Structure formats: structure tokens, C-alpha cells
Amino acid sequence: MRILTGVQPSGKLHLGNYFSVIRKMIQYQESSDLYCFIANLHSLTTFKSKTELEENTFDAMVTFLALGMDPQKSTFWLQSDVAEVQELTWYLSTCITVNQLSLAHSFKDKTAKGINPSAALYYYPVLMAADILLFGAEKVPVGKDQKQHLEYARNMAEKFNANYGEVFQIPEPEIDEGTALVPGTDGQKMSKSYGNTINIFDSEKMIKKSVMSIVTDSAGIDEPKDPDTNAIFQIHSLFLQDSQREELRNKYLTPGMGYGDAKKALLACVLDYFAAYRKKRDDLLANKDYVEQTMQKGKNKARATAQEMIDKVRNLLGIPSIT
């Protein structure tokens, strides 16, 4: 089965990225045909500077490789390296209406927050559909907030197939209810745009600052705590096996544990879990040529698939293929 997903390099990757996407991708490499990309074109909707985008993109590449992305077992590439995705975006734009795009949850949410939206933000679901359909993805792991965008991709594929001929695989969503929404330090979804993240490879000092800033209720040390509404527990439990998670749950339900101790336990868990990955990341940062060569190989693999699909699409539309 072909699995596809992408992650924006709009800032340092955090625990939400890891548990909702990256960890599952590493597991999929062993059993599926995995396609995974760094979505640098999507990040232009929040573009700040050339230097920042370049740094964030390279950091994302290194982070994925350090966390276990294996180019020998997967197709791993940089979105902008495959120009066919932009061409397909234009073709797919004929299969969705302005009214549909206006109803996209992400677009409405950002405008409701007072953000002056660019046309790129408005058009985001079409580019996402092109990412998915260009590579024949059968299953797409998404968070709950992206489910609607995947429905748009399915609708565009179905309309294109009906209008021009069967070419696109209709993708299915995969939503892991247990990790679809990883809470941030303020209890909302962990997101760079909310400034509530715990970044995977920040310094120990910065990680400690983030963990210690997690918002809690007023329950004292001699009172039980509700693990189901507690961000510290919800984040900590992601690192644990079922028996360990149940043991931690009982600690929260039993008077005698303060939030300070709970945060210290979470901090120790985060630092220990990523220690070996941090060492690998440092090695990669010292070998930039290897990272670039690896991404070049991924680009070649991805483009071979993309060119085959775009030729089929051009043929159905009556557009000459590029020779």
C-alpha cells in the first residue's frame, strides 16, 4: 500500500509533528510503500524570509533523517524539487469551486483570527490535493484538522476522473484518534502558529522552559488530578507503553503528586527518549554533503513517479507532453 504525507518546515519540528506524523512514518517504512516530503511550498503561506525558509527546510530534512527516515526504504524528497506538483495544481483547480475553497476550515479559522489571507492560503487545499494525487497515494495519515482537505482531494480526483478519464487513485484518510491532536503547553493543539510547542531538538534549557510552562489547573499536591484534561499527562502518555500509561494515570488520580514533579518527570522522559536521535542529528549537521546527496536521490525517485502521472494527465487533457 502506498502511504503519503508531508510536513511543513515553517519552524522547528516539535512533539506534535513527531507523534502525529513522523513516528508513524518511520514505522510505515517497514511494511508499506512510503512517500514522505518536506512541504516547503506550503510554508510560503507564512513566509517570513529567504534565510529562515532555507534554515527551516534544512533543519526539517536533518530532523527526519535523524529520527529514522531511511531513504533506502522510502521515497523522501523536498516538495519544490518536483515541479509537476505545481502543474497538477493548476489542472485540479478546474475541479473545485470558489465556494468550496471559501468553506475550508483552515481558511475560515485563520481569517476569524484576524489574519489577512493571501491567495496562497486560499488555494492551499488544491496544492495539497496535487501532492496526494500526483503520487497515487492510497492512504494519507492526517490530523483531524486536515480531514476536510483530504475530502477535497478525493472530490477533485473523482470529478477529474469523471470529466476526463480514470487516472487518479482515490485516497483514504487515516486518523489516529489517540495522537491526532497533541496538546501544546497551553492545552490547545500543539502548533508553531500558536507558539505553544515543545521542540524536539531544542537545547535542554529551552525544552525545560517549554515543559515548565505547561498550563495546569489549581489542584494542589494533596488533591487528585484529572489525567483526561491534563496536558502534562496527555503529552507524557505518548511516550509510554499501555502498562506504563496506566501506572502514570493512577499517580494523577492519587493525591500526593504535585504538578512540579509531574513536569520534571515529563522533562526527563523527553530528554531520555530523544538522546540517541540528538547524537545522530549532530552527526548529520556535520555532514551537509551527505544530507544533500540523500535528498537528490529522493528527488530522482519522486520525479520518476510524478512524470509518469503527469504524462497521463496531459494526455487526457490534450496537452502535449514535454520532451
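Start by selecting Thr-185, which is buried, with a relative accessible area of 9%. Here buried means under 20% relative accessible area, exposed means over 50%, and partly exposed is in between (1.4 Å probe, protein chains only). Thr-185 sits in the loop between strand 5 and helix 8. Helices (H or I, at least four residues) and strands (E, at least two) are DSSP runs, numbered from the N terminus.

The model is predicted: local features need pLDDT of at least 70, side-chain atom pairs count only at pLDDT 80 or more, and totals for chains, interfaces and linings use all residues. Residues are numbered from 1 along each chain as its sequence is written, and side-chain values use heavy atoms, with hydrogens and water left out.

Is Asn-196 buried or exposed? Asn-196 is buried, at 1% relative accessible area.

**The whole chain**

Zoom out. The protein has 13 helices and 5 strands. Its radius of gyration is 21 Å, close to the 20 Å that the globule rule gives for 323 residues, so the protein is as compact as a globular protein of that length. The radius is taken over C-alpha atoms, and the globule rule is 2.2 Å times the number of residues to the power 0.38. Along the principal axes, the C-alpha atoms fill a box of roughly 75 × 45 × 40 Å. Of the 323 residues, 48% count as buried.

**Salt bridges**

How many salt bridges does the structure hold? There are 13 salt bridges, each being a side-chain nitrogen of Lys or Arg within 4 Å of a carboxyl oxygen of Asp or Glu.

Select Arg-303 and Glu-84. They form a salt bridge in which the closest N and O atoms are 2.6 Å apart. The pair links distant parts of the chain, with Arg-303 in helix 13 (residues 288–317) and Glu-84 in helix 3 (residues 84–92), 219 residues apart. Arg-303 is partly exposed at 27% relative accessible area, while Glu-84 is buried at 6%.

Select Glu-87, Asp-311 and Arg-314 next. These residues are linked in a network of salt bridges.

Move to Lys-139 and Glu-174, whose side chains meet in a salt bridge (3.8 Å, N to O). Lys-139 is in strand 4 (residues 139–141) and Glu-174 in strand 5 (residues 172–174), 35 residues apart. Lys-139 is partly exposed, with a relative accessible area of 23%.

Then pick Arg-249 and Asp-228, a salt bridge with its closest N and O atoms 2.8 Å apart. Arg-249 lies in helix 10 (residues 242–253) and Asp-228 in the loop between helix 8 and helix 9, so the pair ties together parts that are 21 residues apart in sequence. Arg-249 counts as partly exposed at 22%, and Asp-228 is exposed at 51%.

**Last stop**

Select Asp-222, in the loop between helix 8 (204–212) and helix 9 (231–237). Asp-222 counts as exposed, at 64% relative accessibility.
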